[in-house]
Amino acid sequence: MKIKYNRLSTLHQSGNRFSADSTKYDLVLLDRVSGTVPFAEREKAKVLIKLVEEKKVSEIYVEELSRLGRNTGNVISTLAWLDSYKINVVVRNLGLQSRPNNKKNKIWEIITATLSSLYSMELENIKERTSVGRMVYVQSGGKLGRPYNSNESNSTFLKKKRSQDIIKYLERGMSYNEVAKLVGCSTKTIAKVKKIMFATG
């Protein structure tokens with residue numbers, strides 16, 4: 001089988017650019033999860049792992065190496081595991097293959113190890129910038145979290161225009177990322193709306 005595996009960050013990405021891929025696959029799997037979550041712990045990755053272990057997979061395609069993860073050790077171990085089954089991994093944005101024509105690519109390990117290290121460093125930089133930003137905000141007098149005595153009832157929350165828009169788009173079957181883009185909110189807000197809808201429905 002030829003399988004396409006995608007991973008999207010639940011908060012920051014949409015799947016639009018992946019839909020531009022016109023290559024024909026036997027199966028397309030999509031996980032909406034942070035790249036910090038180990039590959040083996042992802043819902044769709046577990047499906048892929050089972051197929052690999054059953055020796056039903058010949059090629060796996062990813063848009064970028066970071067789709068497999070942002071932890072260097074986890075990415076390298078995942079690639080090594082796939083190689084043990086002699087699976088050809090294709091990284092589309094680089095035009096790079098691990099086993100073209102079923103022969104081990106000599107530069108594959110060097111390039112993948114370097115790139116996965118860069119992705120890991122990028123993630124750490126993002127975390128550091130976020131942490132520094134919060135610290136500066138607090139030192140400047142800002143307060144994190146909801147203001148004191150600002151809690152609102154579920155009924156009031158659902159009556160807000162933004163909540164009503166979210167409900168409308170969810171009822172149309174749109175994904176969290178699509179709704180977030182249209183409404184201009186985070187997927188956490190959408191999840192909150194949906195949770196309250198079920199609780200009050």
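Begin with the whole protein chain. Among its contacts (heavy atoms within 4.5 Å) between residues at least 6 apart in sequence, 58% join residues at least 24 apart. The model is a predicted one, in which local features need pLDDT of at least 70 and side-chain atom pairs count only at pLDDT 80 or more, whereas totals for chains, interfaces and linings use all residues. Residues are numbered from 1 along each chain as its sequence is written, and side-chain values use heavy atoms, with hydrogens and water left out.

Now switch to a cartoon view. The protein chain has 7 helices and 5 strands; these are DSSP runs, helices being H or I of at least four residues and strands E of at least two, numbered from the N terminus. Followed along the sequence, the pattern is β-β-α-β-α-β-β-α-α-α-α-α.

Next, display the surface. The protein chain exposes about 12600 Å², and carbon and sulfur atoms supply 52% of this area; the area comes from the Shrake-Rupley method with a 1.4 Å probe, and for residues only the protein chains shown count as cover. Of the 201 residues, 37% count as buried. Buried means under 20% relative accessible area, exposed means over 50%, and partly exposed lies in between, with a 1.4 Å probe and protein chains only.

**First stop: the nonpolar cores**

Select Y5, L48, V57 and I60. Within the largest nonpolar core, which has 22 residues, these four touch the most other members. A nonpolar core is a set of buried Ala, Val, Leu, Ile, Met, Phe, Trp, Tyr and Cys residues joined through side-chain atoms within 4.5 Å. At least two residues of this core come from each of β1 (2-8), α1 (43-53), β3 (59-62), α2 (72-84) and β4 (88-91). The largest share, 5 residues, is supplied by α1. In soluble globular proteins, nonpolar side chains tend to be buried together.

Centre the view on I60. Not counting residues up to four places away in sequence, I60 touches I3, Y5, L48, V52, L82, I87, N88, V89 and V90. Another core lies apart from the largest one; it has 12 residues, among them I166, Y169, V179 and V193.

**Second stop: strand β2**

Select residues 27-32, which form strand β2, and find L29 in it. Is L29 buried or exposed? At 5% relative accessibility, L29 counts as buried. Leaving aside neighbours within four places in sequence, L29 is in contact with I3, K4, Y5, N6, K44, V47 and L48. L29 and K44 are 15 residues apart along the chain, and their C-alpha atoms are separated by 6.0 Å.

R32 is also placed in strand β2. With 37% relative accessibility, R32 counts as partly exposed. From R32 to N6, the C-alpha distance is 8.5 Å, and the two are 26 residues apart in sequence.

Select I76, L79, A80, W108 and E109. Of the 13 residues that line the second largest pocket, these lie nearest its centre. On a 1 Å grid over the protein atoms alone, a pocket is an open set of points with protein on both sides within 12 Å along at least five of seven lines, and lining residues have an atom within 4 Å of a point. The elements giving two or more residues to this lining are α2 and α3 (108-139), and α2 supplies the largest share, 5 residues.

Finally, select N101 and N102. Both are found in the loop between β5 (96-97) and α3. Most residues other than glycine have a negative phi, and most peptide bonds are trans. N101, although not a glycine, has a positive phi of about 55°; N102, likewise not a glycine, has a positive phi of about 65°. At 73% relative accessibility N101 counts as exposed, and N102 counts as exposed at 53%.

How values were computed:
1 Å grid on protein atoms, 1.4 Å probe; cavity = no way out; pocket = protein on both sides within 12 Å on 5 of 7 lines; lining within 4 Å.
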